[in-house]
Structure formats: C-alpha cells, structure tokens
Amino acid sequence: MKKYAQTKNLCEIFDLSVDYFQKRMDNDFVKGVHYFIPPTTSKTKKAVLWDIEALENWLRGNQVDSELENLLGRRG
C-alpha cells in the first residue's frame with residue numbers, strides 16, 4: 001500500500017468522499033501529522049499529501065502516541 005496519497009485519491013482508499021477529508025483539515029486532521037504540503041514554487045497550485053497510516057489510525061480511533069509526541073514537540 002502507498003504511504004502517501006493526494007486528496008483526490010483518498011475516496012478510493014477509504015471509500016469516503018473528498019469533502020469528508022477537506023472539511024476536517026485543520027480541525028480533526030492536523031497538518032504535519034495527517035497531511036502535509038510539499039514545498040513548491042507555485043503560488044496557486046499546492047499539492048496536499050495525506051499520510052495513509054495516520055488517517056487509518058484516526059478513523060479507527062487508534063491515535064499513535066508517537067504522532068501526538070511529534071505534534072507536541074516532545075521527543076524523548
């Protein structure tokens with residue numbers, strides 16, 4: 001399975017609409033944990049890549065401790 005996917009491909013992986021994921025960006029889904037925007041020189045077009053494993057963990061209610069530690073900046 002792929003490690004990352006663009007937003008438009010998430011519906012094929014999770015059988016949920018693109019809207020489902022877009023509406024939860026910056027609310028339920030955290031930038032840098034569930035998705036990221038790769039560097040680009042374009043000012044108008046920016047790709048969003050989603051971490052498939054992090055999304056699956058969230059959907060199953062299994063947040064991984066390392067994800068939370070990274071989010072909080074507490075690496076031991």
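The protein exposes about 5,700 Å², and carbon and sulfur atoms supply 47% of that area, where accessible areas come from the Shrake-Rupley method with a 1.4 Å probe and, for residues, only the protein chains shown count as cover. This is a predicted model, in which local features need pLDDT of at least 70 and side-chain atom pairs count only at pLDDT 80 or more, while totals for chains, interfaces and linings use all residues. Residues are numbered from 1 along each chain as its sequence is written, and side-chain values use heavy atoms, with hydrogens and water left out.

**Burial and contacts**
- Of the 76 residues of the protein, 22% count as buried, meaning under 20% relative accessible area with a 1.4 Å probe, protein chains only.
- Among contacts with a separation of 6 or more, 52% come from residues 24 or more positions apart, a contact being heavy atoms within 4.5 Å.

**Helices and strands**
- The protein has four helices and three strands, which are DSSP runs numbered from the N terminus (helices H or I, at least four residues; strands E, at least two).
- Along the sequence these elements follow the pattern β-α-α-β-β-α-α.

**The sheet**
- The three strands form an open, antiparallel sheet in the order β1-β3-β2, with two strands counted as paired if DSSP finds at least two bridges between them.
- Because β1 (4-6) and β2 (35-36) stand at the edges with a single partner strand each, one side of each is left without a neighbour in the sheet.
- Three bridges join β1 to β3 (residues 49-51), and Ala5 stands opposite Trp50 in β3.

Methods: Buried means under 20% relative accessible area, exposed over 50%, partly exposed in between (1.4 Å probe, protein chains only).
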